[in-house]
Amino acid sequence: MHPKLRGHVTTMFVLSLCVSDLLFCSINLPLTASRYIKQQWVLGPRLCQMFAFVFYGNEAVSLLSMVAITINRYTLIAYYDMYSQIYTTMKIWIQLLLIWLVSFGLMVPPLLGIWGQLGLDPNTFSCTILPKDDRSPKKYLFVFGFALPCVVIIVSYSCIYWRVRESKRKLEGRSKLSGQTAREKEEDSRLTTLMLTIFLCFLACFLPLMIMNVSDDGIRYPWLHIIASILAWASSVINPLIYAATNRQYRAAYGNLLRFCKNNPVARRTTWGSRTVGHSSNSPHYVDKRNPAKDKPTKL
């Protein structure tokens with residue numbers, strides 16, 4: 001309903017995060033509530049396997065979507081001239097498809113019992129990745145599937161920071177930016193801050209769970225496992241709060257949507273009005289918009 005946000009490449013990856021969070025909240029959280037209320041798993045082995053498959057697959061989708069967002073922001077800043085060629089609609093859909101296939105594809109070997117297995121851990125009555133024939137991919141998935149993407153994100157944001165800092169230094173000795181360019185730079189800066197905030201919150205939510213699963217297999221500190229699990233579940237509901245708190249365009253979109261739901265005619269006008277229609281530098285059509293045809297005749 002918000003044309004300017006639809007023009008953002010980043011919005012596609014944000015929607016991927018939203019679908020992942022929706023699956024987690026609609027499938028995993030109700031089953032988790034049942035498990036904690038009854039203090040046992042009473043829903044059968046097949047549903048237990050599905051729980052673990054969706055849980056870890058969704059976690060991977062969230063992290064890889066953030067990796068894609070980070071690479072998108074770095075490409076915009078470091079390879080601006082090639083940006084519109086790299087992020088076409090088809091290539092964006094291919095990236096999204098790969099994110100989901102890789103994320104849930106990693107869970108196929110334990111699902112089929114080829115490497116480890118999915119099932120119920122009687123010590124914690126939790127559905128998780130279990131060893132099979134003394135072999136389990138759990139630690140490998142946690143270390144490489146979590147640590148490596150985090151390293152990519154951290155390195156990318158570090159490069160973004162230094163690029164922006166270097167760009168500001170160069171601009172100090174030049175003439176000031178035009179009003180339109182300055183607004184677009186400010187908008188991209190806000191969006192980068194938003195994505196960095198999302199990643200830091202994701203890290204704060206899931207890093208404790210990763211540490212506890214890797215370092216405390218024997219469940220010597222069960223209360224720490226519970227706190228880490230609660231933080232992991234909370235990650236699925238904090239993203240909308242982050243969007244609304246840190247980005248003006250998302251706040252405007254939320255406000256328009258809520259007013260539209262109340263059948264307020266102002267919402268329709270502000271949502272689809274001409275002032276909201278356009279492309280930021282995060283749009284795949286931004287380069288074309290910024291570089292109109294030079295051969296266009298001038299009216300005298």
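Which residues in α2 meet which residues in α5? The legends below take this contact and then its neighbours in turn.

**View 1. Helix α2 beside helix α5 in a predicted model.** This is a predicted model, in which local features need pLDDT of at least 70 and side-chain atom pairs count only at pLDDT 80 or more, while totals for chains, interfaces and linings use all residues. Residues are numbered from 1 along each chain as its sequence is written, and side-chain values use heavy atoms, with hydrogens and water left out. Helices (DSSP runs of H or I, at least four residues) and strands (runs of E, at least two) are numbered from the N terminus. Val9, Met12, Phe13, Ser16, Val19, Ser20 and Leu23 in α2 meet Ile92, Trp93, Gln95, Leu96, Ile99 and Trp100 in α5, where contact means heavy atoms within 4.5 Å. By class, this contact of α2 with α5 holds 10 nonpolar, three polar and no charged residues; Ala, Val, Leu, Ile, Met, Phe, Trp, Tyr, Cys and Pro count as nonpolar, Asp, Glu, Lys and Arg as charged, and the others, Gly among them, as polar. The axes of α2 (residues 9-38) and α5 (residues 89-105) come within 10 Å and cross at roughly 25°, the axes being lines fitted to C-alpha atoms over the stretch in contact and the angles running from 0 to 180 degrees between N-to-C directions. That makes α2 roughly parallel to α5 (under 35 degrees is roughly parallel, over 145 roughly antiparallel, 65 to 115 roughly perpendicular and the rest oblique).

**View 2. Helix α2 beside helix α3.** Here the axes of α2 and α3 come within 9 Å and cross at roughly 155°. α2 is therefore roughly antiparallel to α3. The residues of the contact of α2 with α3 comprise 17 nonpolar, nine polar and three charged.

**View 3. Helix α3 beside helix α5.** The axes of α3 and α5 come within 8 Å, crossing at roughly 145°. On the α3 side, the residues that meet α5 include Phe53, Gly57, Val61 and Leu64, and among their partners in α5 are Gln95, Ile99 and Phe104. The contact of α3 with α5 divides into 10 nonpolar, five polar and no charged residues.

**View 4. The disulfide of Cys48 and Cys127.** Cys48 and Cys127 form a disulfide with their sulfur atoms 2.1 Å apart, the rule being a pair of cysteine sulfur atoms within 2.5 Å. This pair links distant parts of the chain, since Cys48 lies in helix α3 (residues 45-78) and Cys127 in strand β2 (residues 126-130), 79 residues apart. The torsion about the S-S bond of Cys48 and Cys127 is about -125°, so the disulfide is left-handed.
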